[in-house]
Amino acid sequence: MLSETRIVLRNLGRIDPVSVQDYQKQGGYGPLRKALSMKTEEVIAEMKRSGLRGRGGAGFPVWKKWSFTASAQSGQKYVICNADEGEPGTNKDRVILSGDPNSVFEGMAIAAYAVGADRGFLYLRREYPYVAPILDQALENARAEGCLGKNILGSSFSFDIEVISGGGAYVCGEETALIESIEGRRGEPRFKPPYPGVSGLYGRPTVVNNVETLANVPVILQRGGEWFSGIGVPNCTGTKVFTLCGNITQKGVFEYPMGTNLRDIYETHGGVKDNFDLRGFMLGGQSGNLINAGQMDLSMDIDSCQQAESVLGTGTIMVIDDRNDILDIVQNIMSFFIEESCGKCTPCREGNIRILEILRRISGGEGRMEDLTLLEDLAGMMNVACLCGLGQNSSVAVITSLHNFREVYVKAIERGRRA
Amino acid sequence: MHSIAGEDYFITPAAEKRITELASRYQNEPEQLMNILLDIQKETANSFPRSVAALVSRVTGIPEAKLYGFVSFYSMFSTKPRGRYVVRMCHSAPCHVCGAQGVMEAISKTLGIKPGETTRDGRFTLEYCQCLGVCENAPAIMVNETVYRNLTPGRAATLMEDYQRGDMKEC
Ligand SMILES: Cc1cc2nc3c(=O)[nH]c(=O)nc-3n(C[C@H](O)[C@H](O)[C@H](O)COP(=O)(O)O)c2cc1C
Ligand code: SF4
Ligand code: FES
């Protein structure tokens, strides 16, 4: 049985989310005060010591991202909190924002100080309209207490945050699409480079970080990067907030150190329900991996997952029991990408549809063994030819299921041949 | 209240006043556009048809084509008239493996419409949507801005009947 290590979720359920006083009683805004007494390079150095990597999916080192923006020359810089959380099976950012919004605001303010920004935006997905009033109230209270706004905590540093609503498009979680969306346009990803760190919102240097990433920042300032780097595994420090969903007995959002074994998480939360058998897991979201029950001994951190041809992604763990058919699930996943593709580039717009067609053919009993190679070729082509992560990774679930559940495909094809 | 029989939407004088008010909040700050257009859509039968785009364009100076391109991109907008209640059923994988299909069938049967359709009386529109971010309580649906969790086909049917009887407060 595991017990949680709560760093990101430190205040969850222990404070009134909108009360800045409650947050301060737990030590909140002390780290910001401390940061304001430090040189900006020292703040970034502390982040480097911590080893904190982004929690939005890509795992990019936070200190590096901040240094790009810090060294960019511009009269106006921005900090954006990515709260688009569109990845199916991911609930963590909603839980953090509605339970402890100040931890995210404080993280944004520290980032802003470190890079020299004075305006922040929090891009909240439209599927969370009920979180917006919590954020608005918490912001108002934080301003009234001098923790945000002009001359924060009596210093010469000013920074404020506006909440911007998404419009219900998954691709807007991609940082450049998100920026397009804030700029009042269709959320289509931009060509990179330039990266947002040097040319982002309105062409200005912009830090874009995930909700969970930012909620870690105050704790690192408070307790030191050294302390933080002792949690988790080398090169992937701290904790991860996982979302457990699908056919597991105890669903929900739980925080464990990076590198925690998947089997332990699975068993701690009761495994599959009611005498069903475990079929496998979908890890990291829709663009993540399908692994079978026998692959459960997996260290849940960014690098180990990658080595095992898996992904940590947003920390989604979707459990699949034997009532479900893998071919049905991968078709569901491809329909998701067809619907959410922004249509800007052809390999993604067309490729996802073709992959779904092949899958339908196989599960309908009209597949051929050559189709399996065709799937691999298509996926490989899309991975190199697509503009953004959506198209590049949309067929990861198909490919990993081909490797980890090959018998399912072969059986469906053979069944069709016999008929 | 609203006429939603035809392809387009007839703007009543009262709605015109309200839309004009909302649209004039736009002061050439692009980052405000989304919030303003979403507020306007609440006034116009949950949809953003051409007539509304034309009016907003006149007030804000944003070309109508740009507005159309914008609203047609985001799933929260509809250029076709929708019902007073937009029922959105999550069909992403975590809800899918927890029985979303059965819930959808129960809703569809109770309302008498298929996904993508609006009831004749203009009260309900049924849509599929992607993950609502409450997978820990799958399967889930959203009716306008309210989320309902842990649904079974039976509970979903009862909920729809409550809406049909008008027992639910406007949301
Ligand atoms: C299709 C797509 C969707 C994404 N959705 C999200 C999202 O919902 N939330 C998020 O934080 N990052 C998302 N990302 C990753 C962002 O582009 C970006 O890397 C991240 O916000 C950076 O923050 P981090 O460094 O703190 O992780 C998405 C990327 C892609 C390609
Ligand atoms: S890969 Fe897909 S989602 Fe990404 S830019 Fe191209 S079409 Fe749009
Ligand atoms: S998959 Fe339905 S709420 Fe997330």
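The model is predicted: local features need pLDDT of at least 70, side-chain atom pairs count only at pLDDT 80 or more, and totals for chains, interfaces and linings use all residues. Residues are numbered from 1 along each chain as its sequence is written, chains are lettered from A and ligands numbered from 1 in the order in which they are written, and side-chain values use heavy atoms, with hydrogens and water left out.

**Nonpolar cores**

- The largest nonpolar core holds 82 residues, and A:Tyr409, B:Leu37 and B:Ile40 touch the most other members. Helix α13 of chain A (residues 326–340) gives the most to this core, with eight residues.
- Another core lies apart from it, with 60 residues, among them A:Met47, A:Val95, A:Ile152 and A:Val207.
- A nonpolar core here is a set of buried Ala, Val, Leu, Ile, Met, Phe, Trp, Tyr and Cys residues joined through side-chain atoms within 4.5 Å. Buried means under 20% relative accessible area, exposed over 50%, and partly exposed in between (1.4 Å probe, protein chains only).
- Helices (H or I, at least four residues) and strands (E, at least two) are DSSP runs, numbered from the N terminus.
- B:Ile40 is in contact (heavy atoms within 4.5 Å) with B:Ile19, B:Leu22, B:Ala23, B:Phe48, B:Val52 and B:Val56, leaving aside neighbours within four places in sequence.
- In soluble globular proteins, nonpolar side chains tend to be buried together.

**Ligand 1**

- Around ligand 1 there are 18 residues, and A:Gly56, A:Lys65, A:Asn209, A:Asn210 and A:Thr213 come nearest. A residue counts as near if one of its heavy atoms lies within 4 Å.
- By class, the shell has three nonpolar, nine polar and six charged residues. Ala, Val, Leu, Ile, Met, Phe, Trp, Tyr, Cys and Pro count as nonpolar, Asp, Glu, Lys and Arg as charged, and the others, Gly among them, as polar.
- β4 (206–210) and α16 (389–393) of chain A each supply at least two shell residues. β4(A) gives the most, with three residues.
- A backbone N or O atom of A:Gly56 lies 2.7 Å from an oxygen atom of ligand 1.
- A polar backbone atom of A:Gly173 is 3.2 Å from a nitrogen atom of ligand 1. A polar backbone atom of A:Glu175 is 3.0 Å from an oxygen atom of ligand 1.
- Taken alone, ligand 1 exposes 610 Å², and the protein buries 88% of that. Areas come from the Shrake-Rupley method with a 1.4 Å probe; for residues, only the protein chains shown count as cover.

**Helix α8 of chain A**

- Eight of the eight residues of α8(A) are buried, so the helix is largely enclosed by the rest of the structure. A:Glu175, A:Leu178 and A:Glu180 are among them.
- The cover over these buried residues includes α4 (62–71), β1 (78–83), β2 (119–124), β3 (160–165) and β4 of chain A, together with α2 of chain B.
- A:Gly184 follows α8(A) and has a positive phi, near 80°.

**Backbone features**

- Most residues other than glycine have a negative phi, and most peptide bonds are trans.
- The peptide bond from A:Lys192 to A:Pro193 is cis, with omega near -5°. A:Pro193 sits in the loop between α8 (175–182) and β4 of chain A.
- The bond from B:Ala138 to B:Pro139 is cis, with omega near -5°. B:Pro139 sits in the loop between β2 (124–129) and β3 (141–143) of chain B.
- B:Asn28 has a positive phi, near 60°. B:Asn28 is exposed, with a relative accessible area of 66%.
- B:Asn46 has a positive phi, near 55°. B:Asn46 is buried, at 16% relative accessible area, in the loop between α2 and α3 (50–60) of chain B.

**Around B:Gln41 and B:Ser78**

- B:Gln41 lies in helix α2 of chain B and is buried, with a relative accessible area of 4%.
- Not counting residues up to four places away in sequence, B:Gln41 touches B:Asn46, B:Ser47, B:Phe48, B:Met76, B:Phe77, B:Ser78 and B:Arg82.
- B:Ser78 is in the loop between α4 (64–73) and β1 (85–90) of chain B and is buried, at 13%.
- A polar side-chain atom of B:Ser78 lies 2.7 Å from the backbone oxygen of B:Lys80.

Technical notes
A polar contact is a pair of N or O atoms within 3.5 Å; within protein, one must be able to donate a hydrogen and the other to accept it, and residues adjacent in sequence count only if both atoms are side-chain atoms.
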